[in-house]
Amino acid sequence: HTFKQNYYTAAAYGLAKDNESSKMDGESQFTRVFGEINVHEICENGAKKATSRLNAKKLKTGNYPVVIYRDEFSTILQMISNYFSAKEVFEKKSLLAGKLNQKVASTKVNLIDDPLELRGSNLRPFDCEGAPSQKISLIENGTLKNYLTDLKYSLKMTLPHTAHASRGPTTTSE
């Protein structure tokens with residue numbers, strides 16, 4: 001099987017300075033249609049983000065309620081995405097090991113992996129083993145429901161096969 005896709009990204013990052021305070025931040029956009037890129041909006045939002053960080057005050061250590069902006073949440077997902085890997089769970093490298101069907105987040109948290117979502121960056125009709133892609137619920141109302149498996153780890157761990165095989169140049173097939 002082969003699958004090709006096109007997508008475009010645009011980004012603008014600025015360095016804002018005010019006396020001794022200098023901060024960098026920016027804005028980016030992902031799209032599958034080149035004409036949807038709005039350069040003016042990306043630059044304006046990037047500049048606003050950079051200047052909003054100037055002269056920020058350090059908070060005391062503690063527990064604080066937070067609001068995570070939608071465009072920042074992808075960074076958090078990148079930091080924790082390996083925790084959902086059945087391979088990482090099997091090798092005891094995941095903080096989610098042994099937590100299947102247990103509460104791992106607020107009951108307000110629902111996390112779905114949908115490789116068929118056109119707005120997503122990992123669109124694919126099938127995985128590297130040729131298994132058809134499918135929408136998978138990872139967290140439902142704060143409860144961990146699935147790990148992401150390829151054929152090997154779904155069999156090894158007696159888990160549903162979620163079609164999440166990936167191959168790199170140094171990956172061996174077993």
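Colleague: Why is Ser81 called partly exposed?

Modeller: Ser81 has a relative accessible area of 38%, and buried means under 20%, exposed over 50%, with partly exposed in between (1.4 Å probe, protein chains only). So 38% makes Ser81 partly exposed. By the way, this is a predicted model, where local features need pLDDT of at least 70, side-chain atom pairs count only at pLDDT 80 or more, and totals for chains, interfaces and linings use all residues. Residues are numbered from 1 along each chain as its sequence is written, and side-chain values use heavy atoms, leaving out hydrogens and water.

Colleague: What makes Leu59 exposed?

Modeller: Its relative accessible area is 61%, and the cut-off for exposed is over 50%, so Leu59 counts as exposed.

Colleague: Which residues have the most contacts inside the largest nonpolar core?

Modeller: Phe84, Leu138, Leu144 and Tyr147, in a core of 13 residues. Such a core is a set of buried Ala, Val, Leu, Ile, Met, Phe, Trp, Tyr and Cys residues joined through side-chain atoms within 4.5 Å. Leu138 touches Phe84 and Leu144, among others.

Note on methods. Contact means heavy atoms within 4.5 Å. Lists of a residue's contacts leave out its neighbours within four places in sequence.
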